[in-house]
Amino acid sequence: MTTTSGGSGVNGQGADGVPAAFGTPEAPRVAVRGEARLEFDPEIARIGVTVSARGSDRRDALEALSRRNAQVLELLRGYGEAVEKLSTGAFSVTPELAEKGRRERVRTYHGRVHVAAVVGDFTVLGELTARLAELEMTRVEGPRWSLRPDSPAHREARQQAVREAVTRAREYAGALGARLVALVELADLGAEGGLPPGPPPPGALRAAAYGGPAAPGGVPELDLEPQVQTVQAQVNARFVMTAPEL
């Protein structure tokens, strides 16, 4: 906490009637930081699916990749509104050259396509990830738990940070026998550069299937426990207060 005084004018104002930049003895300023750290249950889970294929020629690889990709998409779409968003990302077909020989001779072709899905219904998530991991030459990564970008949780954290700043400023002013009279500045620290992204959440599922069809008897459902999400907010606030009683 800082209180400052100085400048010129009457009752904390400059010649043009605007409060002096650093306050005055009659109207000093108090600067505080408000912080909030709240926990919420996740709202969505993101999973990534990578489908692979190999073939002796380019066409074989493409046909196998297309077939497996269609199986993944069909499976995901079969869950209806539980899968809120579905998108196809990177796609590649790469030739692998033979190790021996002077000429460039292609030994085989590797194909790969990545599919991303956003799941909003966690009751189907365990079954869905298990069924995906069971598909041939398919790799599943996730879930990555998160809140929706427009989640009310973000607003609640910001408001809590502002209330914390006001409470802290009032406490400082009260300790001096003064009271707050005006808000001069409120700055969202996020607007000045967010925090760097953290490491992937611990315990994230990674599964890969390289075998053939699943054995009879059904798919084993995974028990996935949602990870609590922490939302943080910080603000800087400056207030004008009455003259302290020193």
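Under the ring-pairing rule applied here, the count comes to 1 aromatic pair. Select Phe 122 and Trp 145 to see this pair: the rings sit edge-to-face, 5.1 Å centre to centre, with 80° between the planes. Keep in mind as you look around that this is a predicted model.

Now colour the chain by secondary structure around these two side chains. Phe 122 is in the loop between S5 and H2 while Trp 145 belongs to strand S6, so the pair ties together parts that are 23 residues apart in sequence.

**Zoom out: the whole chain**

Show the cartoon and count along with me: the protein chain has 3 helices and 9 strands. Reading along the sequence gives the pattern β-β-β-α-β-β-α-β-α-β-β-β. Of its 246 residues, 34% count as buried. If you draw the contacts between residues at least 6 apart in sequence, 79% of them join residues at least 24 apart.

**Next stop: the largest nonpolar core**

Select Ile 47, Val 72, Leu 76, Tyr 79, Val 119, Leu 128 and Leu 132. These have the most contacts inside the largest nonpolar core, which has 26 residues. Which elements give two or more residues to this core? They are S3, helix H1 (58-77), S5, helix H2 (125-133) and S6. H1 gives the most, with 6 residues.

Stay with Tyr 79 for a moment and show what surrounds this residue. Leaving aside neighbours within four places in sequence, Tyr 79 is in contact with Val 124, Glu 127, Leu 128 and Arg 131.

While you are in this area, pick Gly 126, which is found in helix H2. Gly 126 counts as buried, at 4% relative accessibility. Beyond its neighbours within four places in sequence, Gly 126 is in contact with Glu 221, Leu 222 and Leu 224.

**Over to the second largest pocket**

Strands S3 (44-55), S4 (83-97), S5 (106-119) and S6 (138-146) each supply at least two residues of the lining. Which of them gives the most? That is S3, with 4 residues. Colour the lining by residue type and you will find 3 nonpolar, 7 polar and 3 charged residues.

**Last stop: Thr 242**

Finish in the segment after strand S9 (229-241), where Thr 242 has its place. With a relative accessible area of 22%, Thr 242 is partly exposed. Draw a distance from its C-alpha atom to that of Leu 180: they are separated by 6.5 Å, although the residues are 62 apart along the chain. Setting aside neighbours within four places in sequence, the contacts of Thr 242 are Glu 26, Pro 28, Ala 178, Arg 179 and Val 181.

Notes:
Residues numbered from 1 in each chain as written. Predicted model: local features only at pLDDT ≥ 70, side-chain atom pairs only at ≥ 80, totals over all residues. Heavy atoms only, no water. Nonpolar A, V, L, I, M, F, W, Y, C, P; charged D, E, K, R; others polar. Core = buried A, V, L, I, M, F, W, Y, C linked by side-chain atoms within 4.5 Å. Buried < 20%, exposed > 50% of the residue type's maximum accessible area, 1.4 Å probe, protein only. Contact = heavy atoms within 4.5 Å. Phe/Tyr/Trp six-rings, centres within 6.5 Å; stacked < 30°, edge-to-face > 60°.
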